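Okay, everyone, thanks for coming. Let me put the sequence and the structure up on the screen, and then we'll walk through some helix packing, a pocket and a couple of backbone details.

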Amino acid sequence: MLTEFGIGNYQAFKTLQRVPLKPITLVFGPNSAGKSALLRSLLVARHALLNGMLSKNAEAHERHPGGFKNILRGGEQGHGPLLFEFTIGDKHSNQKLSFEWKEPLQPTEGAGADAACQCLKQIEYHGPQRPVPDKITLDDKGKPGFNSWWNLASSPRLLKRFNDWLQSEAFANKYRLVFDRYYPQSSLERLEARLNRENSVQDLVEYGFMGKLDGDADFRRKLAEEEAEPFADAFLSSEDFADEQSRIQAAVEQLEGGVLEDEAFRLGPRYYEDLESEDIEGFFVGALNRAFREVSGEVNRVHSDLSLAQHFTQADVFFEDSKSKARVPTSNIGFGISQMLPLAVSAFATKDRLVVIEQPELHVHPALQCELGDIFICSAMEQGNRYLIETHSEHLILRVLRRIRETTAGEDVPVRITPEDVAVLYVKPGPDGSEVIELPVTPDGDFSVPWPDGFFPERAKELF
């Protein structure tokens, strides 16, 4: 687990600045101080370790900041390597890894690089524009922002939890999220097709001949030997074998291993015509036994298919009005809610991930910004997720501080959270680069040191 990271000589940051990763880590600061750079540096590091390069290409996340000179402090006039530091571990032990990277990037190998790469692969990143899909397909499943929708569509339990939340007092208009799932041809349909074949006698002849091949090694080898030479000429090069006998022997073995099933359908009827009358009964008994084994396998697959909801290949996504039951397209749900929903879906449908979010409060009503605070806390403390959030939201931080205060007082809270579970960071710009300042939180939901430049001074100016 990644418990801390640091960057230096990176955009706004001259010296190495460290960021602790708690269940909830909130990053504040003025515009252009480097808050987004902190978050996006994790995408740069992940891209470097996974793809062996620092600059953005088609494999990089869309929020990757671009070329090496866009990342390096000083841009075109900058020099020296980028500094990255990762602390990996748990409450009992930590391992600190340091990297100095410049372009062209040299291969980064070893157990430390592998450990850092595995941690960074667990990031779920949400930029300021968050898609609410009207359809999810298998092609979308690996794309950023879509896995959570798949998880929600695949789990009736998670979907119920999410819809219960949509019905809460936080929302004036009540909707339910609904997925119309599309499935490929099911095993049940395949079984029905198998049991309703028109040429049933022909099928039994084919099954019987395959049974003959299964049970008669001499017969199988004889047939393989007849087909071996043309097969070898078509598929096996003489250069790969010591002599011609070895090449033909290899052809026989490959034909025995599976190619003969096709021959069963071609030669079966002819073999059936040559049977003596006293052999016909045994031939068909063997054919029926094989047919029943095939049907039994199909029945087992039917049971498996019917018990697993995640076998759908695509789903339409829409909302349903709780009163009228009318379907509402995702594009008509309202822009503010639409930007909030992907974060809520992620909170309900992910576990043990590092969830990185830029400005979750964008276009969201203040009351729902507070609601987001509760969602993030519950997801972190109950599902093992950790949140790294760049924000300007006073409502979000006040909700987190309130829950800490209520936990300390022993009040009834959705989920308990303590000061040890929260890191509040302030990115302060300066002539020698921006600085990351941690503001310790007290058990009564306050700060033990003064907020740089005052606590949201603009609000006080407007009020007083």
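This is a predicted model: local features need pLDDT of at least 70, side-chain atom pairs count only at pLDDT 80 or more; totals for chains, interfaces and linings use all residues.

As for handedness, helix 12 passes helix 13 in a right-handed crossing.

Who's touching whom there? On the helix 12 side the contact is made by Pro366, Gln369, Cys370, Glu371, Leu372, Gly373, Asp374, Phe376 and Ile377, and helix 13 brings in His395, Leu396, Arg399, Val400 and Arg403. By residue type, that contact of helix 12 with helix 13 splits into seven nonpolar, three polar and four charged.

Now let's go to the other partner of helix 12, which is helix 11. Helix 11 and helix 12 pack with their axes 9 Å apart, at an angle of about 15°. That angle falls under the 35 degrees cut-off, so this pair is roughly parallel. The crossing of helix 11 and helix 12 is left-handed. From helix 11 you've got Ile337, Met340, Leu343, Ala344, Ala347 and Phe348, and they meet Leu368, Glu371, Leu372, Ile375, Phe376, Ser379 and Gln383 in helix 12. The residues in this contact of helix 11 with helix 12 come out as ten nonpolar, two polar and one charged.

Helix 11 has another neighbour to show you. Its residues are 335-349, and its axis and the axis of helix 4, residues 147-154, come within 9 Å and cross at roughly 60°. So helix 4 and helix 11 are oblique to each other, and helix 4 passes helix 11 in a left-handed crossing. Here Ser148, Trp149, Asn151 and Leu152 in helix 4 meet Pro342, Val345, Ser346 and Ala349 in helix 11. That contact of helix 4 with helix 11 has five nonpolar residues, three polar and no charged.

Which elements each supply at least two residues of the lining of the second largest pocket? They're helix 1 (35-51), strand 6 (123-126) and helix 4. Helix 1 gives the largest share, five residues. The pocket holds about 410 Å³ of space. It's lined by 20 residues, and the closest to its centre are Arg46, His61, Ile123, Gly142 and Pro144. The lining divides into seven nonpolar, seven polar and six charged.

Where's the cis peptide bond? It joins Glu103 and Pro104, and omega is about 5°. Pro104 sits in the loop between strand 5 (94-101) and helix 3 (111-120). Then there's Asn9, a residue other than glycine with a positive phi, near 55°. You'll find Asn9 in the loop between strand 1 (2-8) and strand 2 (17-20).

Definitions and conventions:
Residues are numbered from 1 along each chain as its sequence is written. Side-chain values use heavy atoms; hydrogens and water are left out. Axes are lines fitted to C-alpha atoms, for helices over the stretch in contact, and angles run from 0 to 180 degrees between N-to-C directions. Helices (H or I, at least four residues) and strands (E, at least two) are DSSP runs, numbered from the N terminus. Angles under 35 degrees count as roughly parallel, over 145 as roughly antiparallel, 65 to 115 as roughly perpendicular and the rest as oblique. A crossing is left-handed if the near helix is turned anticlockwise from the far one by less than a right angle, and right-handed if clockwise. Contact means heavy atoms within 4.5 Å. Ala, Val, Leu, Ile, Met, Phe, Trp, Tyr, Cys and Pro count as nonpolar, Asp, Glu, Lys and Arg as charged, and the others, Gly among them, as polar. On a 1 Å grid over the protein atoms alone, a cavity is a set of points where a 1.4 Å probe fits but cannot get out, and a pocket is an open set with protein on both sides within 12 Å along at least five of seven lines; lining residues have an atom within 4 Å of a point. Grid points are joined across faces, edges and corners, and a volume is the space filled by probe spheres set on the points.
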